[in-house]
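Reader: I am new to reading models. Please take me through a few features, one at a time.

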Amino acid sequence: MAPGRILLVLVLIAEVGRTLPSSSHSVTRNVFGVSLPEGHMEIVKEERCSDAIIRLTCRSLRAIIFVLEAELRTNRSETCGYDLKKIQSFGERWAKVNRKAILRKTFRNLRGNYILEDEEEPTRIDLRTSLNRRCSGLQHCRYNIMTDHPAASYWNPANVHLKYACIPEGAIRRYCNVMVQILRREEGYIRSPGYPLYYLGGTSCGWTFKTLPGQRISLTFHDLNIRSPEPDGRCVDVVRIRENGTTLFESCETFAGVQVNSKSNLITLDLIASAKLYPARGFFLHYQVLGCPEVAPPNGSDVTEAKDGSRTFSCRVGAIFPDTRQRSRTVTCKDGQWNETVGNFPGCMVGSNLT
């Protein structure tokens, strides 16, 4: 490198160093409760600097942590106490010296950690996998991005957005080979036996989810960690979701936040493992109902339009609904319920019979 460029690089490094924080970090923390049939679940939202130790804590000793969101936001730094715009302006000058070499060295080992992947530095980096490995299923834990997340030593201090829940252990289903009946707006949580220390195998371990006709089922894996694939890509252990004989989902990877939605009101989930006990976390998931129950049309009418979230009923030719004096009416679905009780609708009547 030419002497002039070397001098420019040294000057930029010195100037950037003067803008980095010393100890003036700030933390924003909000806590709110969610009512469950078996108690209350706490939701914690935090904004803090990435170079500080993050402590995830549940106030109840009978609650465990599961991670909802965890992002490093590289385009924000107010919690770290330094001027990001100034850093960025220095970065542009630095990039003119040798931009491609810097990007290649800095990000060559980070593919798969990003929410957005391209040639530019991403503005959001997903931390859920490493945070789950450290904290999910525990009552409290300490998380250090610099040591607990791969390649974090390449990053400048920036904002960390964190959202996690502390859920009562009594609200979590822990046993398999059961039927999970989900009625109307109900939802719940399941963890595989042994989570988060190990998972069991050698025997059948499955769940059947069933709700009312017309409704669908959504399963969200907040944490899935089972035995990795063999070198040839073959799965020894697997998590599988099936519906009407069709496989909707099958994996032996480690991930967080994957959602699987059914098309009907009945699906099955199976954890198929070869060893009697394997030292991986297993899974933690959330299940809930989507849509509203199927409804029969009022007397003298037919369903003329059935969309995801609404139904339109139309009286046959020459008849109308007596209360609205209209031939058609539409109901909409919200939070698992129709906005009107279809069973209470009066049957269609011909105009001559109306008073």
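Reader: Is Asp 335 buried or exposed?

Author: Start with the cut-offs: buried means under 20% relative accessible area, exposed over 50%, partly exposed in between (1.4 Å probe, protein chains only). Asp 335 has 55% relative accessibility, so it counts as exposed. A word on the source: this is a predicted model, where local features need pLDDT of at least 70, side-chain atom pairs count only at pLDDT 80 or more, and totals for chains, interfaces and linings use all residues. Residues are numbered from 1 along each chain as its sequence is written, and side-chain values use heavy atoms, without hydrogens and water.

Reader: Where is Asp 335 placed?

Author: Strands (E, at least two residues) are DSSP runs, numbered from the N terminus. Asp 335 lies in the loop between β24 (328–334) and β25 (337–338). Its phi is positive, about 55 degrees, although Asp 335 is not a glycine.

Reader: What is the phi of Asn 244?

Author: Asn 244 has a positive phi of about 50 degrees, and it is not a glycine either. Look for Asn 244 in the loop between β14 (238–243) and β15 (246–251). Asn 244 is exposed, at 68% relative accessible area.

Reader: Which strands does β2 pair with?

Author: Two strands pair if DSSP finds at least two bridges between them. β2 pairs with β1 (residues 28–36) over nine bridges, antiparallel. Eight bridges join β2 to β7 (residues 159–168), also antiparallel.

Reader: Why is β2 called largely enclosed?

Author: Eight of the 11 residues of β2 (residues 39–49) are buried, so the rest of the structure largely encloses this strand.

Notes:
Helices (H or I, at least four residues) and strands (E, at least two) are DSSP runs, numbered from the N terminus.
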